Amino acid sequence: MKKALFSAAILTGLLAFTYYPGDKKAFKKLFALEGVWKMNTKKGALCEEWKKMNKSFMQNKGYVIKGNDTTLTERVALTRTSEGILYTSTVEDQNNKNPIAFTMTSSGGNVFVFENRKHDFPKRIVYQLLSPDSLHAFIDDGVEGTKKVQHFYYVRQKM
């Protein structure tokens, strides 16, 4: 009996230090994305607008502003589930507007990595909060040191 209790205590302790897919702490850190982020480019301003809907769900709409025109480009659902934290993207002109899910594979400090190895491109989406008002995001083919990468440097917009 003592051996069973000791083994259970050890197992419980080890589990406490492993990454749980639906980790509340990791998801709570993502709330820092809430707000409007903007990146100016030659083709217009790229924007991401994140909203916290509840403790397990955030949504985002991505759009481009060019002159007086605003074009919706993407919608994202960020969801904490028992299977993990999912970044589900629906891009307006890709995949027949079907949503594509990426699973959080790591989070540390202010870096969040989402992957879907079965998707053509991107296979990996990374968000890095550089400061409360500065965000670096990039998408790539999931290979370290790849040349197939797109970087996005956003600045939080004051409302």
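The structure is a predicted model, in which local features require a pLDDT of at least 70 and side-chain atom pairs count only at pLDDT 80 or more, whereas totals for chains, interfaces and linings use all residues. Residues are numbered from 1 along each chain as its sequence is written, and side-chain values use heavy atoms, with hydrogens and water left out.

The protein contains two helices and 10 strands, where helices (H or I, at least four residues) and strands (E, at least two) are DSSP runs numbered from the N terminus. From the N terminus on, the elements run α-α-β-β-β-β-β-β-β-β-β-β. Of the 159 residues, 38% count as buried, a term that denotes under 20% relative accessible area, with exposed meaning over 50% and partly exposed the range in between (1.4 Å probe, protein chains only). The accessible surface comes to about 10,200 Å², of which 57% belongs to carbon and sulfur atoms; these areas come from the Shrake-Rupley method with a 1.4 Å probe. Among contacts with a separation of 6 or more, 31% are accounted for by residues 24 or more positions apart, a contact being defined by heavy atoms within 4.5 Å.

The 10 strands close into a barrel in the order β1-β2-β3-β4-β5-β6-β7-β8-β9-β10, with antiparallel pairing, and the twist averages 25° from one strand to the next. Two strands are taken to pair if DSSP finds at least two bridges between them, while the angles, which run from 0 to 180 degrees, are taken between the N-to-C directions of axes fitted as lines to C-alpha atoms. Strand β5 is joined to the antiparallel strand β6 (residues 100-108) by four bridges; in this region S89 stands opposite I100 in β6, and T88 stands opposite A101 in β6. Five bridges join β6 to strand β7 (residues 111-115), again in an antiparallel arrangement, and the bridge partner of S107 in β7 is F112. The hairpin of β6 and β7 has two residues between the strands, and G109 takes a positive phi near 60° there.

Aromatic rings of Phe, Tyr and Trp (its six-membered ring) were paired if their centres lie within 6.5 Å, planes under 30 degrees apart counting as stacked, over 60 as edge-to-face and the rest as tilted. By this rule the count comes to seven aromatic pairs. One of them, formed by W50 and Y87, is tilted, at 6.4 Å centre to centre and with 55° between the planes; this pair links distant parts of the chain, with W50 in strand β2 (residues 44-54) and Y87 in strand β5 (residues 84-91), 37 residues apart. W50 counts as buried at 2% relative accessibility, and Y87 counts as buried at 3%. The rings of Y87 and Y127 have their centres 5.9 Å apart and their planes at 45°, so this pair is tilted as well. Here Y87 in β5 is linked to Y127 in strand β8 (residues 124-131), 40 residues apart, and Y127 is buried at 3% relative accessibility. W50, Y87, F102, F114 and Y127 form one aromatic cluster.

A charge is also placed over a ring, the criterion being that NZ of Lys or CZ of Arg is within 6 Å of the ring centre and within 35 degrees of the ring normal: K52 lies over the face of F31, at 4.3 Å from the ring centre.
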